[in-house]
Amino acid sequence: MATEMKRAIGALLCLILAGCGFVPTESKLLGAWQVDLPPPQKMVFDFQRDHTYTMSITGQAGAMQGTWRLDGNILTTTMRGFAAYGMTNALPPVKGLASQKNTIVRLTGSTMVWRYGMLGSALRLRRVIAGSSAGSPRP
């Protein structure tokens, strides 16, 4: 009985420690991820292989464009411009607003959760399209 208990505790510790070492990979991040807003709107982030991304909101013209970088479980997004009606306007860098650091706490084939801001608010995203290729625009 004592041996079984020690094995169970050991297995539990291994699972806990394995979870603490979570490091997302770029290949899991690639693709389109949706955040459900109050109906009927949705926000979609599309992370491309060339380290660019777009962020669009259904029902709104255009999309924010920028670059992304993954360092461990820290996802940094930097806004570069806004594209609408066939035109792209560059955004001037605004300290504290142009770049955002998000801590990815969960990344699976279908779900991503990141924490952002000083209070660590969570944003839950679900995958809508897997693994985009470099520069391929989304409809």
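Analyst: Keep in mind that the model is predicted.

User: Which strands pair with S1, and in what sense?

Analyst: S1 pairs with S2 in the antiparallel sense over 6 bridges. S1 also pairs with S9, again antiparallel, over 4 bridges. The link from S1 to S2 is a hairpin of 5 residues. For landmarks, find Ala 32 opposite Asp 46 in S2, then Trp 33, whose bridge partner in S9 is Arg 127.

User: How should I read side chains along a strand?

Analyst: In a regular strand they alternate between the two faces of the sheet.

User: Which residues have the most contacts inside the largest nonpolar core?

Analyst: In soluble globular proteins, nonpolar side chains tend to be buried together. Here the largest nonpolar core has 19 residues, and Phe 45, Phe 47, Met 112 and Trp 114 have the most contacts inside it. Strands S1, S2, S3, S4, S7, S8 and S9 each supply at least two residues of this core.

User: What does Trp 114 touch, leaving out residues up to four places away in sequence?

Analyst: Its contacts include Phe 45, Phe 47, Leu 75, Ile 104, Val 105, Leu 123 and Leu 125. Asn 102, Thr 103 and Ser 121 are also among them.

User: Where does pLDDT stay under 50?

Analyst: The chain averages a pLDDT of 79, with 73% of the residues scoring at least 70. Residues 11–19 stay under 50 and have 0 contacts beyond four places in sequence. Residues 133–139 also stay under 50, but the model gives them 12 such contacts.

How values were computed
Residues are numbered from 1 along each chain as its sequence is written. This is a predicted model: local features need pLDDT of at least 70, side-chain atom pairs count only at pLDDT 80 or more; totals for chains, interfaces and linings use all residues. Side-chain values use heavy atoms; hydrogens and water are left out. pLDDT is the predictor's confidence in each residue, from 0 to 100. Contact means heavy atoms within 4.5 Å. A nonpolar core is a set of buried Ala, Val, Leu, Ile, Met, Phe, Trp, Tyr and Cys residues joined through side-chain atoms within 4.5 Å. Buried means under 20% relative accessible area, exposed over 50%, partly exposed in between (1.4 Å probe, protein chains only). Two strands pair if DSSP finds at least two bridges between them.
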